[in-house]
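Please find below a colleague's note on the contact between two chains.

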Amino acid sequence: MSQVSETDLQAWVDARLAPPRRHEIDAYLAEHPNQAERLRAYQAQKRAIKALFDPVLDEVLPENLRTLAEASAMPAVDRPKTALFSRWSLQRLAAGLLVALLGGVAGWLGHAQYQSGERLAQMAPLPRQAAVAHVVYSPDVRRPVEVTADQEEQLVKWLSKRLGTPISPPKLGAVGYELVGGRLLPGNSGPVAQFMYQDASGQRLTLYLTTENAGKVETGFRFAREGQVNVFYWVEGKFGYALSAGIDKNELAKVATAVYDQLDRAK
Amino acid sequence: MDSRAIRAEMPRLRRYARALLGDRAAADDLVQDTLERAWRRLAQWRAGSDLRAWLFSIMHNLRVDQLRQPSLSTQALDDGDEAPTRPTQSDQLELVDLEAALRQLPDEQRAVLLLVALEEMSYAEVAAALEIPLGTVMSRLSRGRERLRLIMEGRPLAANLRVVR
């Protein structure tokens, strides 16, 4: 028998040896029990690694990966080569600009009000806050929300606890939008909640919910346009609501009405 | 190319990434980066060549880039469900131990070991995917397996043998 190398032994573990050599190694191992024990431990490792990670193969693909795969399923001819990615990049760029702009405005206002010492000046109005939060998070492919809708119960518990009052996301299935999930955001003086919804085409809208309006005057439905984002907002009791999306005003009004009706009924 | 082919590879890419990184969210991020880069570089893929090997080498290069960047250690937010486990209690403990033991291997040894164990790649395929010589594959495989065995058996690693008395 030619000399047995470590490579032979590793290949034996992986069943990569052709029969004549394999039998030679079998014979060698019969005479070297320590080596045999070592190689059997390696085989056990291999089986255990497969047992540990094979279940990943059967997992449902996360939505972002599925989306990517579906993008890839389009024929190359019909698909502007990087359209998907440049759209994301543009949205991200827009988010960046809007935040920068908001920073500038807030800074300038802060300056103007500096002598009066009023912090109020730095507060962004509700629709602006909501629109920025929408533009920042809704294009996020990987993690648009902190807690996904499949854990709705935890989401509700968590956000209610952080906002210090029971809140829950309205159901918008009837107008074609399903809950994606929600996240906690910093508002002007404390936590605010954002719920995200998506329709069958992937169009997203966000409901921004603050409890910073205690003592403020209640308002009816109001409409604001912030860049490409349309916002319906209203203040009721201690709650401020703002519904944002890059969709047509009339369609958004329909959704806003559905939200309003549900909140109204919930009381 | 047959674009369904990429989709077909995704479960395997995810399995390898999960085993390599341990963390579910980080692993899926790596898979997503891999797919995005694959799309941008589709022109570089030669029809008829091995798609899986190409995707794994993209993933490997991204991983190398990641390791080169000094990064903040981050905690995933959505790791509610942990690594997959088999049903019985003792098996579960054993597998969790294995996962912890894998974490203790140097990254480059773990990569070789996983490509051989999970992907059942030939040594030459591993060498191609990781862009290293065949001899390096063999030495990393051998050292990685031995190190994993010692960790699993609770024995001191070679590096720890110089015990101060």
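1. D14(A) and R145(B) are joined by a salt bridge, with their closest N and O atoms 2.7 Å apart. The term requires a side-chain nitrogen of Lys or Arg within 4 Å of a carboxyl oxygen of Asp or Glu. Six salt bridges are found across the interface of chain A and chain B.

2. The model is a predicted one: local features need pLDDT of at least 70, side-chain atom pairs count only at pLDDT 80 or more, and totals for chains, interfaces and linings use all residues. Residues are numbered from 1 along each chain as its sequence is written, chains are lettered from A and ligands numbered from 1 in the order in which they are written, and side-chain values use heavy atoms, with hydrogens and water left out.

3. Chain A brings 42 residues to the contact and chain B brings 44 residues (heavy atoms within 4.5 Å). Between them the two chains bury about 4,300 Å², 61% of it on carbon and sulfur atoms; this is the accessible area (1.4 Å probe) that two parts lose on being put together, summed over both. L52(A), F53(A) and R142(A) supply 15% of the area that chain A buries against chain B, more than any other three residues.

4. Chain A contains eight helices and seven strands; these are DSSP runs, helices (H or I) of at least four residues and strands (E) of at least two, numbered from the N terminus. Of its 267 residues, 43% count as buried, meaning under 20% relative accessible area (1.4 Å probe, protein chains only).

Technical notes
Buried < 20%, exposed > 50% of the residue type's maximum accessible area, 1.4 Å probe, protein only.
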